[in-house]
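Good morning, colleagues. Please look at the sequence and the model on the screen while I take you through a few of the features.

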Amino acid sequence: MGESEKISVGIIGASGYGGVQLVRLLQEHPLVEIVYLGGKGSAGLAYSELYPHLGHAVDLTIEPIDVEAITSRCQVVFLGLPNGLACDLAPPLIEKGCKVLDLSADYRFKNLETYSNWYNKDRSDLETAKTAVYGLPELYRDEIKSASLIGCPGCYPTASLMALSPLLKQGLILPETTIIDAKSGTSGGGRQAKTHLLLAEAEGSFGAYGVAKHRHTPEIEQISSDLTGHEVRVQFTPHLLPMVRGILATVYATLRDPGLVREDLLTIYSAFYRSSPFVKILSNGVYPQTKWACWTNLCYLGIETDPRTDRVIVLSAIDNLIKGQAGQAVQCLNIMMGWEETLGLPQLAFYP
Ligand SMILES: NC(=O)C1=CN([C@@H]2O[C@H](COP(=O)(O)OP(=O)(O)OC[C@H]3O[C@@H](n4cnc5c(N)ncnc54)[C@H](OP(=O)(O)O)[C@@H]3O)[C@@H](O)[C@H]2O)C=CC1
Ligand SMILES: CC(=O)N[C@@H](CCC(=O)OP(=O)(O)O)C(=O)O
C-alpha cells in the first residue's frame, strides 16, 4: 500500500480507556482514518457525549458491534474489549479480510489450555488462534510484519519482559531466580466502575494484589520460555499505586557470572535494543520514573548489579495505556503495514 493512501480503521470498545487512547493516537496518525467506533453499553452515544474534550476533533457515534458493517468499512480493526470476547469476534473479522489487533489476553497464548485455565473460558477458535502473533515488536518484529492477527501484550508483561528479555535471551541469569515486583496506576483496571479503584479506596494507600496468582504470570512465563528455549517459572507480584497512569517493574535475578558489572550489562542491553526506537537505556546509575514515560510509547530501562548478592536489578517504566496497551498496538500496526515504526506515536513526555 502506498503511503499516500489512508487505511480505514475500526475501534471496538471505543468507550474504554484503551479505546480512547486509540482514538487520540489514530486521530493524529497520518495514514489512518477512523471510520467505525463500536461498543455495547455505549452504542448510540455520540463520542463527544462520552469524551467532550474530543468533541472538536471526533465527529463519530458509537455503533453496535455488527460484523457485516465492520468488515464492509474497515481494513483494520482494534479490539479493546474485556477478556473472553475477542475470541468470538476475531475469527469472522479475519475470515472477511480484516487485520485485527486485540488488546485483550485472548490471542496472547500459544497454548490455549493455559489460557482457558487462567481465564476460565473454553475456546473453539483454535485455527484462528494459531495464526496470532504476540505483539511485542522488540521481540517479534519479523513475525508481526506478516501477521493478520496480533495479540497485544498486557501492560505488566510489557514492562516486565522489556526488562528481562536481554538477560534471558543471552543466558545471563538463572531464570528460576527471577522476581518481578511491579506497580501500576489505577487506569490499568479500565474505565468500568470497580470498588477498589474508587478514589476513596486507592488514594493514600498502596498494596499488592493477585499475589502468587495474577493472570499475567503465565503470559510472562510463556515469552520467557520462548526466549530461553526451556520452561521458565517466575515470581510476579503486582501492586496498585494511587496514581492514574504508569507502571514501574523492578526485576531481580541471580547472575550466572557474578563478575558481570553494570557497564557490561549496559553494553548488552544497548546492543539488544539497538533497532528499537522506543527503548531508552538509562546511563550509569540513573533509574527510571513513571512520569518520564507517561503519554509516550517509550520504555525506560535502568540497570544495576549488586556484587554483595550476585544479583542484577533492572527497572522498567512505561505508560500502561500507551506502550502497555494502545500505543503498542499502533506500533504493531505500523510494522504490519510496512510503515515507519514510530509513525503517530509520542516519544516525548510533557513534564511534570
Ligand atoms: N487498562 C490497561 O492498562 C490495559 C488493558 N488491557 C486490556 O485491554 C482491554 C480493554 O481494556 P480497557 O480499555 O482498560 O477496558 P475498559 O473497561 O476501559 O473498556 C472496556 C470496553 O469494552 C466494552 N465492552 C465491555 N463489555 C462488553 C460486551 N459484553 N460487549 C461488547 N463490548 C463490551 C466497553 O464498551 P461499552 O461501554 O460500550 O459497553 C468498553 O468500551 C482489556 O482486555 C484489558 O484487559 C491491556 C493492557 C493494558
Ligand atoms: C491495575 C490493574 O488492575 N491492572 C490490570 C492489568 C490490566 C491488563 O493488562 O490486563 P489484561 O491482561 O487483562 O489485558 C490487572 O491487574 O488486572
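This is a predicted model: local features need pLDDT of at least 70, side-chain atom pairs count only at pLDDT 80 or more; totals for chains, interfaces and linings use all residues.

Residues are numbered from 1 along each chain as its sequence is written, and chains are lettered from A and ligands numbered from 1 in the order in which they are written.

Helices (H or I, at least four residues) and strands (E, at least two) are DSSP runs, numbered from the N terminus. Helix α8 covers residues 155-169 and reaches 21 Å from its first C-alpha to its last, close to the 21 Å expected at 1.5 Å a residue; the expected span is 1.5 Å times one less than the number of residues. Of the 15 residues in α8, 14 are buried. A residue is buried if 20 or more other C-beta atoms lie within 10 Å of its own, exposed if 12 or fewer, and partly exposed in between, with C-beta atoms placed from the backbone. Just after α8, G171 has a positive phi of about 65°.

I turn now to the ligands. A residue is near a molecule if its C-beta atom, placed from the backbone, lies within 6 Å of it. Around ligand 1 there are 30 residues, of which G16, G18, G39, S104 and G190 come nearest.

The shell around ligand 2 includes N83, S104, C155, H216 and L240. At least three of the shell residues come from each of domain 1 and domain 2. How do the residues around ligand 2 divide by type? Four are nonpolar, seven polar and none charged. Here Ala, Val, Leu, Ile, Met, Phe, Trp, Tyr, Cys and Pro count as nonpolar, Asp, Glu, Lys and Arg as charged, and the others, Gly among them, as polar.

Finally, P277 sits in the loop between α11 (262-272) and β12 (279-281). P277 counts as partly exposed because it has 16 C-beta neighbours inside 10 Å.

Note on methods:
Domain bounds come from an automatic or database domain assignment.
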